[in-house]
Amino acid sequence: MNISQTLISWYQLNKRDLPWRSTHDPYCICLSEVILQQTRVNQGLEYYNRFVERFPDVFFLAAATEEEVLKLWQGLGYYSRARNLHHAAHMIVQKFNGVFPPTYAELLKLNGIGEYTAAAISSIAYGEVKPVLDGNVARVLSRLYALQEQVDSAAGKKLLNGIASQLIDPADPATFNQAIMEFGALLCTPRNPGCETCPLQSSCLAFSLKRVNDYPVKLARTVVKERYFYYLVVTFVKQGELHLLLNHRNSIGIWRKMYDFPLLESPGELEYPAVLSAQPASIILNDMPFEISAISDEYIHILSHRKLITRFFKIKLQRQPESIQPYIAVPVSQIGKYPIPRLIDRYIRAEKLLVPGYTL
DNA sequence: AATCCGGGGAC
DNA sequence: GTCCCAGGATT
C-alpha cells in the first residue's frame, strides 16, 4: 500500500468525530478552518459550536456587527481572524449572493483566507485536488523524507508543496488532506510520536536514521520582547451608578477594535509617580482630586512575540472628568457586553469588578 | 524575508 | 520554563 492509501486507511480507523466532518456546507468548513488556524481542536471546538448556533449561515454572519463577532470570538486570540471572517462574509453575500466561491483561486481573494485555508476549503468542500500545508503536514513529510530544508522557509514550503502534490490522492483529496493532518495531530506528534505503532514506520527515513526528534528543521524563533503596560482603572459615580473609562482600540496593532482601559505603554519599568504624571493619566486627572485605591500585582501576559508586564492602577474620582476623550464612560454593570482581551478579562475577574450577569 | 498578531495546553 | 498549534497580513 502506498503512503497516501496508508494514511487514509489509518484515518478511517482513528479519526476523531468532529462536527465539521459531518457536513459538506462550505460555510461550516470555512468557519472551522479559520477558527482552527494556529489553534488546537480542543480549544476551537466550543467556539465553532457557538458560531454555528449564533450564525447558522453566511447571511446571519454578514448581518451581525463586527463588535458582536469579536465578542463571540473573545478569548480565542488572533482577533484579526474574526474581523476578516466578518469582512469575508460581507463579500460573499454582496458579490456572490451568499454562495461561497468554489475554487482555490477565488477563495484566496477573501480576507483571512490564505493558502492553507483556501486549499482546505476547496479540497474538503469541493474536491479540488489541492494539498494543504499546515504544521502537521510539514512535520509528517519532514520526518518521512528527513528533510534538511527549514520547513517554514520559502524554499521549505516549496519543497513540501511539491512532495504533497505528488502524494495527494487525486480521487479523494478531501480525505487525504484531513488524513495527513489528523495523522500529524494524533500520531506523528511534535513530542513523543507514536513511532512504535506507526503504519508508515518502514517508509520513514527519520525513523530509520533514529532521528525523528531532529525533524522538522525550523527557523530560529524571534525573541520575545518585554513591554510594560500601566492600565488606569478610572472609576467614578455618575447618575447613581459606578462607571469606569474604557478605551476603544481603533488604531492598528494589537487587539484592534477591542476594548481595554486607558493605557501607558513603556519599554522599561516605571515608578508610580511617573505613571501618574505622564499621559494619559495627566490628561484624565487634570488637577482633579483623586485617590489611588489600589495598585495591582504584576499580570504577566504572553503573546506570540511580546511579554506584557502589566499593573493596574485603580483610581477613584469624585465625578466624571470634564473631557474623557477619546475614552468612553461605561457603567461597570455593562463591561461584559464589550469584547475585551484576555488580560483585561483576567483582571476584571480577579478584582470582582464584574457583577452578576457578566459572562464570557 | 522578517515581523506582527493570542491564547492555551502538553511536557 | 519551552514548544507549537488545521496561519494570514503587512512591510
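Predicted model: local features only at pLDDT ≥ 70, side-chain atom pairs only at ≥ 80, totals over all residues.
Residues are numbered from 1 along each chain as its sequence is written, and chains are lettered from A and ligands numbered from 1 in the order in which they are written. Local features need pLDDT of at least 70, side-chain atom pairs count only at pLDDT 80 or more, and totals for chains, interfaces and linings use all residues; side-chain values use heavy atoms, with hydrogens and water left out.

DNA strand C has 28 residues around it, of which R21, Q38, G112, T117 and R139 come nearest; a residue is near a strand if one of its heavy atoms lies within 4 Å of it. By class, this surface has nine nonpolar, ten polar and nine charged residues (Ala, Val, Leu, Ile, Met, Phe, Trp, Tyr, Cys and Pro count as nonpolar, Asp, Glu, Lys and Arg as charged, and the others, Gly among them, as polar). At least two residues of the surface are supplied by each of α8 (115-126), α9 and α11 (173-186); helices (H or I, at least four residues) and strands (E, at least two) are DSSP runs, numbered from the N terminus.

Sugar or phosphate accounts for 58% of the atoms of DNA strand C within 4 Å of the protein, and bases for the rest. An N or O atom in the side chain of N136 is 3.1 Å from a sugar or linking oxygen, and one in the side chain of E33 is 3.4 Å from a base nitrogen.

Four cavities of 30 Å³ or more are found in the whole structure. A cavity is a set of points, on a 1 Å grid over the protein atoms alone, where a 1.4 Å probe fits but cannot get out, and lining residues have an atom within 4 Å of a point. Of its 14 lining residues, F183, C188, C195, C198 and C204 are the closest to the centre. Helix α9 (residues 135-144) gives the largest share of this lining, three residues. The lining comprises twelve nonpolar, one polar and one charged residues.

K238 is placed in strand β1 (residues 225-238). With a relative accessible area of 29%, K238 is partly exposed (between buried, under 20%, and exposed, over 50%, with a 1.4 Å probe and protein chains only). Leaving aside neighbours within four places in sequence, K238 is in contact (heavy atoms within 4.5 Å) with H243, Q320 and A329. K238 and A329 are 91 residues apart in sequence, and their C-alpha atoms are 9.2 Å apart in space.

Definitions and conventions:
1 Å grid on protein atoms, 1.4 Å probe; cavity = no way out; pocket = protein on both sides within 12 Å on 5 of 7 lines; lining within 4 Å. Points joined across faces, edges and corners; volume = space filled by probe spheres on them. Polar contact = N/O pair within 3.5 Å; in protein donor to acceptor, adjacent residues only side chain to side chain.
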